[in-house]
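Dear colleague,

I am handing over the structure we spoke about, and my notes on it follow directly below. Please read them with the coordinates open.

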There are 2 protein chains.
Amino acid sequence: VPKRVDHQERRSRIADAVCRLLARDGFEAVSLRQVATEAGVSMGQVQHYFMTKDELLAYTFDSLSVRVEQRLQTSLSGSSDQPPPTRDLLRALLRAMVPLDPVTRAEAPLWVAYAARAIVRPELAERLRTDDFATMVAGLLRQAQNDGRAANGFDPDLEAATLLALADGLMIRTAIEPHRTSQAAAVIDYHLDRLFPK
Amino acid sequence: VPKRVDHQERRSRIADAVCRLLARDGFEAVSLRQVATEAGVSMGQVQHYFMTKDELLAYTFDSLSVRVEQRLQTSLSGSSDQPPPTRDLLRALLRAMVPLDPVTRAEAPLWVAYAARAIVRPELAERLRTDDFATMVAGLLRQAQNDGRAANGFDPDLEAATLLALADGLMIRTAIEPHRTSQAAAVIDYHLDRLFPK
């Protein structure tokens with residue numbers, strides 16, 4: 001009886017190896033050979049799933065996105081059946097994108113390496129498009145304003161663009177200057193307090 | 001008579017080649033051999049100045065920093081002998097960091113590739129430290145507040161951290177999504193208007 005291979009398990013083991021290599025030595029270090037060694041599989045097995053480094057990077061990006069989304073849902077699923085207040089939702093979103101703890105800090109090199117690659121490889125940029133996301137956040141802000149739950153007078157579209165740019169910027173800043181982690185968290189709360197005064 | 005070599009000129013020709021290669025194919029593409037070909041010099045000449053890719057990247061980063069600073073000074077040196085108003089100074093600074101035109105857009109891949117590398121190579125991170133810069137910006141904001149030239153009630157330190165994170169975030173966002181360039185410019189003005197109401 002041929003041994004059944006758990007492809008899903010093997011692929012995520014390879015993605016974890018890419019993450020670790022990238023955090024240690026950058027995208028440079030991600031050769032198929034090194035990934036194979038790090039993941040404890042053969043070169044042929046890595047090549048079976050991934051033809052190029054970019055495919056490997058894209059898959060690792062997708063795995064990480066799923067994980068971030070799962071964490072986000074866990075952090076938002078309190079005991080209540082109600083949807084979370086807009087401020088809590090935005091706070092959880094922003095905090096999921098900025099490396100405020102060791103887990104997200106270990107992931108930051110992958111995000112930034114992916115962004116660097118997406119700038120020169122437009123086919124990878126698709127995954128980083130924020131048009132829909134920005135529209136969604138702007139909609140939430142506008143709704144909260146209409147319901148009197150948010151401050152009057154701010155521009156929902158520009159504030160949504162601000163929050164997304166802040167998330168990217170604070171992610172990079174915090175990854176490069178870990179001693180400013182607590183300030184990054186304070187910046188997030190400061191702007192949410194401005195939009196949602198108590 | 002031996003031919004005199006203009007080392008400065010040759011080094012900056014090499015840095016320009018790195019910039020072009022990086023914008024086209026990413027940091028991956030930057031091998032000493034390709035740089036030599038792109039710059040029209042020999043491999044030996046590249047190696048004479050730069051032992052490693054990281055040295056090459058750091059030098060290119062420094063050349064670009066000098067160029068950005070020169071552009072900034074040009075944009076600020078109006079006909080007046082007075083120092084520019086704080087709002088104009090901050091606006092020029094932010095606009096110099098975000099790829100709003102073809103020149104800065106061509107430079108963005110270098111900045112992001114450098115940031116990605118600095119996250120895994122702390123010896124390169126020094127150049128991206130913003131502690132002094134953030135303190136300077138916070139000082140300018142505090143002074144403007146004290147002089148009644150800026151809005152009351154904002155936190156100068158958190159607003160300075162915001163502006164710097166916004167610059168990084170808008171830079172990445174604009175490089176990945178060029179169609180959002182004009183929104184990035186609007187975000188900058190929107191926050192300056194908030195801090196410096198007319």
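Chain A exposes about 9,600 Å², of which carbon and sulfur atoms supply 53%; the accessible areas come from the Shrake-Rupley method with a 1.4 Å probe, and for residues only the protein chains shown count as cover. Please keep in mind that this is a predicted model, in which local features need pLDDT of at least 70 and side-chain atom pairs count only at pLDDT 80 or more, while totals for chains, interfaces and linings use all residues. Residues are numbered from 1 along each chain as its sequence is written, chains are lettered from A and ligands numbered from 1 in the order in which they are written, and side-chain values use heavy atoms, with hydrogens and water left out.

On the chain as a whole, the secondary structure of chain A comes to 10 helices and zero strands, where helices (H or I, at least four residues) and strands (E, at least two) are DSSP runs numbered from the N terminus. The C-alpha atoms of chain A fill a box of roughly 65 × 40 × 30 Å along the principal axes. Of the 198 residues in chain A, 53% are buried, a word that stands for under 20% relative accessible area, with exposed meaning over 50% and partly exposed the range in between (1.4 Å probe, protein chains only). Among the contacts (heavy atoms within 4.5 Å) in chain A between residues at least 6 apart in sequence, 66% join residues at least 24 apart.

Turning to the pair of chains, chain B can be laid on chain A with an RMSD of 0.0 Å by a turn of 180 degrees and a shift of 0.0 Å along the axis, with the copies superposed by least squares on the C-alpha atoms of residues with pLDDT of at least 70 in both. That is the relation of a two-fold axis. Of the residues of chain B, B:Gly169 comes closest to this rotation axis, its C-alpha lying at 1.9 Å. Because 100% of the interface residues of chain B are also interface residues in chain A, the copies meet through the same surface.

Within chain B, helix α9 (residues 156–176) and helix α10 (residues 181–195) pack at an angle of about 170 degrees with their axes 10 Å apart; the axes are lines fitted to C-alpha atoms, for helices over the stretch in contact, and angles run from 0 to 180 degrees between N-to-C directions. The two helices are therefore roughly antiparallel (over 145 degrees; under 35 counts as roughly parallel, 65 to 115 as roughly perpendicular and the rest as oblique). Residues making this contact include B:Leu163, B:Leu166 and B:Leu170 of α9(B), and B:Val187, B:Ile188 and B:His191 of α10(B).

B:His191, in helix α10, is buried with a relative accessible area of 1%, and, leaving aside neighbours within four places in sequence, B:His191 is in contact with A:Glu159, A:Thr162, A:Arg194 and B:Leu166. B:Arg173, in helix α9, counts as buried at 10% relative accessibility and, with residues up to four places away in sequence not counted, touches A:Leu128, A:Thr130 and A:Asp168.
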